[in-house]
Amino acid sequence: MLSDRRPILLTNARIIDPSRELDFAGDLLIADGVIREAKRGIGAAGVPEGTEIVDCRGKVVAPGLIDMRAFVGEPGAEHRETLASASQAAAAGGVTTIICQPDTNPAIDEPATVDFVLRRARDTAIVHVHPMAALTKGLQGKEMTEIGLLKAAGAVAFTDGAKSVTNAQVMRRALTYASDFDALVVHHTEDPNLVGEGVMNEGEFAARLGLLGVPKMAETIMLERDVRLVALSGGRYHAASITCPESLEVLQRAKDLGLSVTASASINHMTLNEVDVGSYRTFCKLSPPLRAEEDRAALVSAIASGLIDVVMSDHDPQDVETKRQPFADAVPGAIGIETMLTAGLRLVHNGEIDLPPLLRAMSTRPAELLGIAGGSLRPGSPADVIVVDTDVPWVLDRADLKSKCKNTPFDEARLQGRVVRTVVAGRTVYEYV
Amino acid sequence: MNIAQKSSFVLSHRHLLGIEGLSRDEIIGLLDLAEEFVDLNRQIEKKRTSLRGRTQINLFFEVSTRTQASFELAGKRLGADVMNMSVGSSSMRKGETLIDTAITLNAMHPDILVVRHHASGAVELLARKVDGSVINAGDGAHEHPTQALLDALTIRRNKGRIEGLTVTICGDILHSRVARSNIILLNALGARVRVVAPSTLLPPGVERFGVEVFRDMREGLSDADIIMMLRLQRERMNGSFVPSSQEFFHYFGLSEKKLAYAKPDALVMHPGPMNRGVEIDSSVADGAQSLIREQVEMGVAVRMAVLEALSRNLPNA
């Protein structure tokens with residue numbers, strides 16, 4: 001911890017609170033781990049004694065980010081990432097809450113494992129951590145987990161991680177049962193048979209590289225199936241990572257029907273496209289794969305309009321051995337928790353999206369969907385707050401990243417804007433100097 | 001008869017990883033140089049000394065008889081010390097990564113590495129880790145540049161030109177590195193390229209490769225000057241991509257009847273090894289219009305030309 005919990009006054013800030021659709025120049029006072037007030041002209045006079053006063057000089061003050069999809073290797077893959085290292089990376093990226101994924105070893109499919117993760121996080125992590133639990137035992141897609149007990153133990157949602165539940169009957173029952181507990185089911189929508197041996201987006205570019213493609217329909221067909229099952233079961237459903245306009249069409253229809261269907265997109269799919277694979281860059285090998293430029297642009301518009309609810313990092317640390325391989329043999333995944341806001345600012349600077357809707361998708365919406373605190377600057381909310389310099393130019397050197405693995409697609413990228421302070425529960429856990 | 005070397009063509013790249021990236025002039029330079037080696041290879045005395053002192057390692061992660069033999073002969077005729085390593089006897093089987101293998105071999109100071117690998121892009125990945133020249137002897141479904149060069153040499157010697165010819169490539173385009181390299185090369189030299197295949201064996205987006213796409217042999221072969229047949233892997237003809245080898249042969253196999261759709265002087269090529277009765281009928285493969293044996297001969301000459309042209313660019317110190 002860089003500092004204690006003395007009160008903090010952030011002055012001369014551009015305060016953005018997506019939970020109340022506020023965007024104004026003003027001050028924010030934090031004390032006792034909660035937000036006291038956010039308004040114009042609090043002034044140094046009216047604050048408690050000993051308050052740390054920070055002149056933000058026009059920088060953005062916003063709710064801390066909630067990363068709804070991040071892989072942390074604990075338990076079982078601590079060489080890739082621990083809760084401690086993930087939380088350091090998160091803090092440096094402005095993420096004050098990590099939603100970790102259950103595809104660990106063993107999988108998070110029992111209440112005791114949820115408890116283990118929560119205790120490890122309490123002892124080692126500098127940001128909040130909430131695990132998702134497995135939807136099916138051992139992520140096998142066959143039998144549902146103890147959804148009620150897992151939720152009571154602290155699981156905020158249920159997912160089989162990067163695996164799809166191919167058996168529609170299993171999916172239907174899980175959705176139906178989960179609805180009794182108002183549990184959110186998060187699903188990776190990719191039909192593994194249609195994916196087949198595919199390793200990147202299907203199309204001319206893959207064909208030229210001699211790589212087999214993954215069709216967009218592998219995703220959209222699965223999403224379509226799920227939406228029909230939600231109509232049948234009435235559960236709360238969230239598509240984990242959608243990538244193309246065809247899926248947006250399905251999502252729009254589901255929302256128009258009033259179904260409880262929401263979706264995320266990863267920051268990678270919003271800021272990169274298939275051309276970034278270039279000459280077989282394995283750091284750009286992702287699941288689902290990076291799509292074409294028009295798909296990327298459609299995703300960004302859907303974030304701006306709110307059709308896609310959440311932007312997440314899909315943080316997936318992979319060590320050198322799994323990535324220093326021919327493209328088809330390399331394991332998919334990229335780290336991103338530390339760079340997701342910075343990468344998102346690219347879109348803001350390019351005029352593709354405004355900052356408030358981007359922040360809403362990275363903080364307010366995930367808090368609402370998961371039913372957790374945070375994502376708001378409303379007085380009384382937990383003091384999970386970030387200060388962002390949206391303009392400072394810098395070049396990313398992956399050696400500087402705090403994650404244990406360095407598989408970032410943004411190595412040597414020229415970036416503009418970064419998090420300069422991260423406050424979790426009133427404590428400053430990261431400061432960029 | 002001693003043949004004096006006339007071409008002083010130098011390939012100003014460190015590696016030959018694909019046809020993509022070669023200019024038209026570079027392709028022609030290689031073909032002209034190869035012509036000289038064709039003559040040399042027909043002599044009793046076939047030995048040159050231009051690669052004397054150089055070490056060439058043929059690193060084959062995928063089994064190959066003819067390509068490996070062709071590169072071995074080419075290197076030896078130019079005076080290089082040639083070593084063959086194939087996956088069956090290498091530590092790749094013990095879990096060593098491609099990059100570790102590259103680093104290990106590099107420490108032995110090979111001047112030239114000839115590499116074949118089952119994964120697209122693997123040869124390029126390896127090339128980044130070594131100091132010598134790397135020649136791609138086939139990577140996945142990506143490229144097989146020396147095959148395209150030897151095909152071009154064979155065509156040019158028989159037709160006197162490549163520009164303006166209609167070349168039809170038939171069969172498993174989806175999985176074929178030979179098709180990709182040939183499409184790029186033939187386009188660069190001004191041929192009209194067609195592909196014919198069932199839709200399951202066509203890569204999505206192939207129509208943007210600069211080819212005309214056909215699903216019917218009669219249309220695709222009509223007025224063709226050159227017919228290139230591709231090998232169909234056994235595991236792809238049992239219902240996964242085509243229903244059976246019989247059905248494939250019925251619609252896409254090159255029989256004498258289908259050959260008659262092409263120009264009367266059309267010539268037939270195949271990169272080998274052939275599946276007789278699957279993609280090509282024996283009577284066509286062994287017939288008067290077949291260039292298949294000549295392709296093998298041209299293979300050695302083209303590989304000598306590539307080795308020679310790359311080695312002229314190697315450091316001499």
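**Getting started**

Helices (H or I, at least four residues) and strands (E, at least two) are DSSP runs, numbered from the N terminus. This is a predicted model, where local features need pLDDT of at least 70 and side-chain atom pairs count only at pLDDT 80 or more, while totals for chains, interfaces and linings use all residues. Residues are numbered from 1 along each chain as its sequence is written.

**Around Ser381(A)**

Look for Ser381(A) in the loop that links helix H13 (355-370) and strand E16 (385-395) of chain A. Ser381(A) has a relative accessible area of 12%, so it counts as buried (under 20% relative accessible area, with a 1.4 Å probe and protein chains only). Leaving out residues up to four places away in sequence, Ser381(A) touches Gly33(A), Val34(A), Ile35(A) and Ser376(A); contact here means heavy atoms within 4.5 Å.

**Helix H12**

Helix H12 (residues 340-349) of chain A is largely enclosed by the rest of the structure, because seven of its 10 residues are buried. Among them are Met340(A), Leu341(A) and Leu347(A). Just after H12(A), Gly351(A) has a positive phi of about 75°.

**Where the chains meet**

The contact draws 17 residues from chain A and 24 residues from chain B. About 1600 Å² is buried between chain A and chain B, that is, accessible area (1.4 Å probe) the two parts lose on being put together, summed over both.

Two salt bridges cross this interface, each a side-chain nitrogen of Lys or Arg within 4 Å of a carboxyl oxygen of Asp or Glu. Arg208(B) and Glu204(A) pair up in a salt bridge at 2.7 Å, N to O. Helix H6 (residues 204-209) gives the most to chain A's side of the contact with chain B, with four residues.

Methods:
Chains are lettered from A and ligands numbered from 1 in the order in which they are written. Side-chain values use heavy atoms; hydrogens and water are left out. Buried means under 20% relative accessible area, exposed over 50%, partly exposed in between (1.4 Å probe, protein chains only).
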